[in-house]
Amino acid sequence: MGPPVNRLYLGDNLAILRSQTPDASVDLIYLDPPFNSGKAYRISPEEGDMAVGIAAFRDTWKWDDAAKSIFRELIDSGPEKVVKSLQAFRDILGECGMMAYITFVAPRLIELRRVLRSTGSIYLHCDPIASHYLKLLMDSVFDRKNFLNEIVWSYDAGGRSKRRFGRKHDVILLYARSKDYYFDGDAVRIEMKAGKSSFGGRLCVDDTGRKFREVWGTGRKKLYRYYLDAGKIPEDVWHIPSIQSQDGERVGYPTQKPEALLSRIIEASSKPGDTVLDPFCGSGTTLVVAERLKRNWIGIDTSEHAIALARDRIEREFGATRTRN
Ligand SMILES: C[S@@+](CC[C@H](N)C(=O)[O-])C[C@H]1O[C@@H](n2cnc3c(N)ncnc32)[C@H](O)[C@@H]1O
């Protein structure tokens, strides 16, 4: 039996996943958890009355008694590879905020693997401060042979510094549940430019006037033609603008992600009628895009303001019948 779909849950995703989501019942997971940024986020004052300056969520982590007890529980009963990786992290990192953060993420990844169908995939959104730890953790939960991509989401905003190079990207780790995973790169083809292209090769024109690039395959055994008008399946560096203050889709939730980013993920890794789960749904970006693309969705968040915003966004675009709970 599948999980109840088109639902928003207010609460801790670990408890909700355990109580509400059956094994192998979800086709695609996108998660955008707190990043261990050390910040306390507030909803933007520009938004409606409900939202003015309200605390959204805290992203600060301490190696306190709660973290120690989750760690102990995982060491006692977690999957063997996860236990080994957590022990190694503790040896390397010691008892610190990053260790508490990894200890928070680990049991959730274990649950997310349980609920994912064998054809499913999972996108974990993080930043370069934590991505290397999370990649090892993902390897230990999902198996490194199921690693598909480390996507660099490159954006223009923020990141300037005189003491280092500007930080202008997030990392999205893509893993499959098994070798039978679904992927439709054709659904997300992007324009291929006539000028300098990552395809390289020679720019040519055929008898009918169609432009193509001619590229040698591995070992220079075969020449391939890539027609410009067919577009290309995106590579693993994605240039998608982050949300700006004037954007129509902006709802004022801190860390809100652009709909274009979620469209690409959902269209490439699910079909209409599939179920998409976002266990840290925030303002509901994943859910709105999933609904638009005719997927079922499940959203979870601990912040009542996030859930209210997500519900409002969905009901404004699709009507009240689309949200339950
Ligand atoms: C980075 S934000 C997600 C933003 C979202 N992608 C969007 O576009 O609006 C992370 C979210 O995780 C939520 N969160 C933190 N801990 C959680 C937990 N244990 N269970 C569910 N949600 C949690 C926060 O309230 C916050 O809304």
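**Helix packing**

Tutor: N13, L14, L17 and R18 in α1 meet P107, R108, E111 and V115 in α4; two residues are in contact here if their C-beta atoms, placed from the backbone, lie within 7 Å. This is a predicted model, in which local features need pLDDT of at least 70, side-chain atom pairs count only at pLDDT 80 or more, and totals for chains, interfaces and linings use all residues. Residues are numbered from 1 along each chain as its sequence is written.

The contact of α1 with α4 comprises four nonpolar, one polar and three charged residues. Ala, Val, Leu, Ile, Met, Phe, Trp, Tyr, Cys and Pro count as nonpolar, Asp, Glu, Lys and Arg as charged, and the others, Gly among them, as polar. Helices are DSSP runs (H or I, at least four residues), numbered from the N terminus. Helix α1 covers residues 13-20 and helix α4 residues 97-115; their axes come within 10 Å and cross at roughly 25°. Axes are lines fitted to C-alpha atoms, for helices over the stretch in contact, and angles run from 0 to 180 degrees between N-to-C directions. The helices α1 and α4 are therefore roughly parallel to each other, a term for angles under 35 degrees, whereas those over 145 count as roughly antiparallel. The crossing of α1 past α4 is left-handed, meaning that the near helix is turned anticlockwise from the far one by less than a right angle; clockwise is right-handed.

A second pair is helix α7 (residues 285-292) with helix α8 (residues 304-318), packed at an angle of about 20° with axes 9 Å apart. These helices, α7 and α8, are therefore roughly parallel to each other, and α7 passes α8 in a right-handed crossing. In α7, the residues L287, V288 and E291 meet A310, R313, I314, E317 and F318 of α8. That contact of α7 with α8 has five nonpolar, no polar and three charged residues.

From α3, K81, V82, S85 and F89 meet Y133, L136, L137, S140 and V141 in α5. The residues of the contact of α3 with α5 divide into six nonpolar, two polar and one charged.

Definitions and conventions: Helices (H or I, at least four residues) and strands (E, at least two) are DSSP runs, numbered from the N terminus. Angles under 35 degrees count as roughly parallel, over 145 as roughly antiparallel, 65 to 115 as roughly perpendicular and the rest as oblique.
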